[in-house]
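User: I am new to this structure and would like to know what lies behind the terms used for it. Please go through them with me.

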Amino acid sequence: MDNIENLATRFQERIDAGEKIEPKDWMPEKYRKTHIRQISQHAHSEIVGMLPEGNWITRAPSLKRKLGLLAKVQDEAGHGLYLYSAAETLGISRDEMTQQLLTGKAKYSSIFNYPTLTWADIGAIGWLVDGAAIINQVMLTRTSFGPYARAMVRICKEESFHQRQGYEIMLTLCNGTPEQKEMAQDALNRTWWPALMMFGPRDEDSPNTKQSMAWKIKRKTNDELRQQFVDITVPQAEFLGLKMPDPEIKWNEERGHYDFGAIDWDEFWQVVKGNGPCNKERIAARQKAWDDGQWVRDAALAYSAKKSENEEKSNGIKAQRSEGKIA
């Protein structure tokens, strides 16, 4: 017991000193499990997040828009792979993480359980959803677990491009016809509140925040990040000429921040529990992809086994030659 306590004390000292924790370093089991939960949830969000946008690749309004959206979806696939790899360093397999997603044990960002009804939703996702992601993920470049922090450096660079791409789509719509601007306003109206929910529950309802802050897994709380997002986004909406779908938004000179209305947390928890507009559709799509990909996994395992068998035979022949048993 004393040894575990000493290890835990030394671990916290390293965290406090700003050192990065690497996969082979000693770590508390709760720290390992917290990171598996958080990184896998992040990876699942990147992969599931491809679905509402992929829905518009064939229907994008121009070749330029099609290529841009295709590149973005491809980026998100890469982000998921980086993150699954980072989680695997903690001793969990990609297959196990996938099964946790398909059975509902693992979650993904609630925002991806809402439909993309119009092309303007693709702009709103880039502007608001990726904008919210950047605020959260820039913080994660300084998280205490090394593989996660390093993966986030590249991811944040690409997410920044995605945010600008989305904002440019919204700007084009807002400078277009009245119908196009109305489409942009409608997308903002439907995306705003789910985007605020992306930062997770209120601090008082988040059981993991206190420990995550102590271990520097997180550098800011959910509510702090949410406020930062509001402060950045409201002036952007004003520049677009769009009206925020929250009548309570106003600048508070005393606080130096924007005040905003109450979030419908009942809706948030319903979506998290699997009762959102597209929860079942998203999981069904991932289940189909998993089932359809079974032959690929089987082929990869067969190839690996055959390669190992051939290497063993080759090594056996080389050994016999070195011993002079064969010419």
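User: Which residues have the most contacts inside the largest nonpolar core?

Analyst: They are Y31, I39, W127, W192, F229 and L242, in a core of 66 residues. The model is a predicted one, in which local features need pLDDT of at least 70 and side-chain atom pairs count only at pLDDT 80 or more, while totals for chains, interfaces and linings use all residues. Residues are numbered from 1 along each chain as its sequence is written, and side-chain values use heavy atoms, with hydrogens and water left out.

User: What makes a set of residues a nonpolar core?

Analyst: The set must consist of buried Ala, Val, Leu, Ile, Met, Phe, Trp, Tyr and Cys residues joined through side-chain atoms within 4.5 Å. A second, separate core has 7 residues, including L101, F112, I125 and V129.

User: What does W127 contact, leaving aside its neighbours within four places in sequence?

Analyst: Contact means heavy atoms within 4.5 Å. W127 is in contact with Q163, G166, Y167, M170, L188, T233, Q236, A237, L240 and L242, with neighbours within four places in sequence left aside.

User: Why is Q163 called buried?

Analyst: Buried means under 20% relative accessible area, exposed means over 50%, and partly exposed is in between (1.4 Å probe, protein chains only). Q163 has a relative accessible area of 14%, so this residue is buried. Q163 lies in helix 7. Leaving aside neighbours within four places in sequence, its contacts are G126, W127, D130, G131, I134 and Q236.

User: Why is F161 called partly exposed?

Analyst: The relative accessible area of F161 is 40%, and therefore F161 is partly exposed. Like Q163, F161 lies in helix 7.

User: Why does A195 count as buried?

Analyst: A195 counts as buried because its relative accessibility is 0%. A195 is found in helix 8. Apart from neighbours within four places in sequence, A195 is in contact with I111, L128, A132 and F229.

User: Why is E76 called buried?

Analyst: E76 has a relative accessible area of 4%, so the residue is buried. E76 lies in helix 4 and touches E46, I47, G49, M50, E53, D130 and H162, not counting residues up to four places away in sequence.

User: How many disulfides are there, and what rule gives the count?

Analyst: A disulfide is a pair of cysteine sulfur atoms within 2.5 Å. By this rule the count is 0. As for cysteines, C156 counts as buried because its relative accessibility is 10%, and C278 counts as buried because its relative accessibility is 5%.

User: How many helices and strands does the protein have?

Analyst: There are 13 helices and 2 strands. Helices (H or I, at least four residues) and strands (E, at least two) are DSSP runs, numbered from the N terminus. Of the 327 residues in the protein, 46% are buried.

User: At what angle do helix 6 and helix 10 pack?

Analyst: Two packed helices are described by the angle between their axes and the distance between the axes. Helix 6 (residues 119–140) and helix 10 (residues 222–240) pack at about 145°, with axes 10 Å apart. The axes are lines fitted to C-alpha atoms, for helices over the stretch in contact, and angles run from 0 to 180 degrees between N-to-C directions. Among the residues that meet are W127, L128 and G131 in helix 6, and L225, Q228 and F229 in helix 10.

User: Which residues of helix 5 are buried, and what covers them?

Analyst: The buried residues of helix 5 (residues 94–103) are M97, T98, Q100, L101 and L102. Their cover includes helix 2, helix 4 and helix 12 (279–292). Helix 5 is followed by G104, whose phi is positive, near 90°.

User: Where does K216 lie?

Analyst: K216 lies in the loop between helix 9 (209–214) and helix 10. Although K216 is not a glycine, its phi is positive, about 55°.
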